[in-house]
Structure formats: structure tokens, C-alpha cells
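The model is a predicted one.

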Amino acid sequence: MSTTLPPAAGGSVLPEGAPTAKPATGSGMWKDAFRRLRRNPAAVTGAVIVGLFILVAILAPLLAPYGGNDLPGRTDITPTRIPGPGDLDGYPLGLDRFGGDVLSKLIWGARASLIIGVVSTALGLAGGVLLGVIAGGLGGWVDSVIMRFVDILLSVPNLLLAVSIAALLGQSSLAIMIAIGVSQVPIFARLLRSSMISQRSADYILSAQTLGLSRRTITMSHLLPNSMGPVIVQATLTLATAVIDAAALSFLGLGGGLPQTAEWGRMLTYAQAELAVAPQLAFLPGICIAVTALGFTLLGESLREALDPKTRRK
């Protein structure tokens, strides 16, 4: 005759040898997204490119053989000859038309592009979030007025709007940052407003309204934090656009500074006249711009896919 032992308090009788269930540990949306990103080759590739770009930008004073505006090889330049890669000892990638070390300028150019990209995206994100919160939180005629203003900005091509603003503000790096940031505001504003509207009918919002919480508390403590996911993804993608736009504005001569200033767009500007003699002066900064933009794009698109509810459980 077999006996059955009583279960422990709060427990249950399990067959001998049965596996015990692991305690449920809720993983948040961002934790799950990060786990999926680590398994995505495109995300890993983008993260490596972006990480190297940031590392080079931060360590530019240690990595660059010369300063960004230094002209150590100006005596080696002739009207018909610009030393290229390997032509002179101490200049692995050769010299530019001013006598500057190309390697050093590419390294310092990474820092300039990073600063412009991050600051301009932060300005655009701040302005877009402000407009999006007001429009999505208040609604009504306030929403209509703000969205019509956003529609007007969106009707102008992004780069054309940035060029117009930079031309009005003057030739400087600060003008480029403000111009690119303002051109990004309508993108973030519309995205956040749409995300907040889609969250209004969620159960947690209805529960908060039932509890009598104020509109301000619901918007700032519940609605806004749960609507920022798509905006953060867009910010990652916008960094790639900001790097390209910064190079384009500098290429058009709107960045100010000295001709020999280390900035990728400016290097492209002054490489035009030397394409027949030294084509690497255009190819090298162009490759840097393309690879950096590719890194941010791969990372942003992978993050978008990882946060997509339709693919999150795959």
C-alpha cells in the first residue's frame, strides 16, 4: 500500500522525476529587443561600425598623427603633384592640396561629423517631442494647428529646408546643427503624435482615467513613456541622415571655418579640382560618409524590426 505525502504549503503534488517549472520573469520590451538584436547579423554589423566611428571620434587626439588644421606637408605640394598613399614616409594616405595629412583629417573629420550629427539630432528630437506631446496630449484645435504647421515643414524637402536655414543663420558649424535639427523636428513631432494617439485607447490609459488621474499625469507618466519607442528608433535612423546632411551642407560651403578644416564634406569640396591628379582625396572621405551612414542605418532598421510587435515573438 503506497502513501501519498501531502504537498508543502502553497505547493502541488508533482510526479517523481517531473521537471520543475521555472519562475516567470517578465522581460520588458527593451530587454527582449536587445536580445533579438544580439542575434541579428545586420544589427551586430551596424553596432560595430557605429562603435568604431564613435571610438575614433573620441580618441582622435590620440589616433591622429597631426592636428586637424595642421599642414605638415605644405612644402611637398607642387601645382602638378600631390603625394598620394605611400609616396612619402609619415603620410600613409598621402597629403591634400593644402599639405595636410589625409589620415589625420579623416580621423578629426569623424569627430566633427559625430558632434554635428548628435547635436542636430538632439535638437530635432527635443523640438519634435515638445510639439508631439502638446499635439498628442491636448488634441482638439491645438492638435490641428500644430499638425498644419508640421505639414508645411514636411512639404519642403528636408535638405532644401536645411540649406535655407543654414544660409539665413550664416556660415558656421552651429548654423549647420540648428538647420539640420529644425529640418528633423516635423518628423519626430508627427511620429510621436501618431504613437500617442494609438495609445489613447489602451487599457492602462482607460484604467488611469477611471482612477481620476489628471490629463497631465496620464500624458507625462504613462502615455509619453510608452510612445517613445518608435521615436527612439527614428532618432537612430536620423543620425545617418544627419551625417550625410552635414557633409552636404559643408560641401556647399555653409560650414564656415578655414579651407583646411578637417571635415568630411569640406574635404569633398576641395577635392573636386584635384580629381584628375589625386582622386583619393574625394574617394576616402566619401567612403567614410557612406560607411558611417550605413552603420547607423543597419542599427536603426534592426532596432525597428526588434521592436515591431508583429515580429517580436518570432
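A crossing is left-handed if the near helix is turned anticlockwise from the far one by less than a right angle, and right-handed if clockwise. By that rule, H11 crosses H12 in the left-handed sense.

**The helix pair**

The two helices pack with their axes 8 Å apart, at an angle of about 150°. Angles over 145 degrees count as roughly antiparallel. H11 and H12 are therefore roughly antiparallel to each other.

| Helix | Residues | Contact residues |
|---|---|---|
| H11 | 264–271 | Trp264, Met267, Leu268, Ala271 |
| H12 | 280–307 | Leu281, Ala282, Pro285, Gly286, Cys288, Ile289, Thr292 |

The contact of H11 with H12 comprises 9 nonpolar and 2 polar residues, with no charged ones.

**The core**

The largest nonpolar core holds 24 residues. Within it, Phe53, Trp264, Leu281 and Phe296 touch the most other members. Helices H2 (41–58), H4 (102–138) and H10 (229–251) each give two or more residues to this core, as do H11 and H12. H12 supplies the largest share, 5 residues.

What does Leu281 contact, leaving aside its neighbours within four places in sequence? Its partners are Ile82, Leu95, Asp96, Arg97, Val102, Met267, Ala271 and Glu274. Met267 and Ala271 belong to H11.

**The whole chain**

The protein chain has 12 helices and 0 strands. Of its 314 residues, 42% are buried. Among contacts with a separation of 6 or more, 72% join residues 24 or more positions apart.

Methods. Residues are numbered from 1 along each chain as its sequence is written. This is a predicted model: local features need pLDDT of at least 70, side-chain atom pairs count only at pLDDT 80 or more; totals for chains, interfaces and linings use all residues. Side-chain values use heavy atoms; hydrogens and water are left out. Axes are lines fitted to C-alpha atoms, for helices over the stretch in contact, and angles run from 0 to 180 degrees between N-to-C directions. Helices (H or I, at least four residues) and strands (E, at least two) are DSSP runs, numbered from the N terminus. Angles under 35 degrees count as roughly parallel, over 145 as roughly antiparallel, 65 to 115 as roughly perpendicular and the rest as oblique. Contact means heavy atoms within 4.5 Å. Ala, Val, Leu, Ile, Met, Phe, Trp, Tyr, Cys and Pro count as nonpolar, Asp, Glu, Lys and Arg as charged, and the others, Gly among them, as polar. A nonpolar core is a set of buried Ala, Val, Leu, Ile, Met, Phe, Trp, Tyr and Cys residues joined through side-chain atoms within 4.5 Å. Buried means under 20% relative accessible area, exposed over 50%, partly exposed in between (1.4 Å probe, protein chains only).
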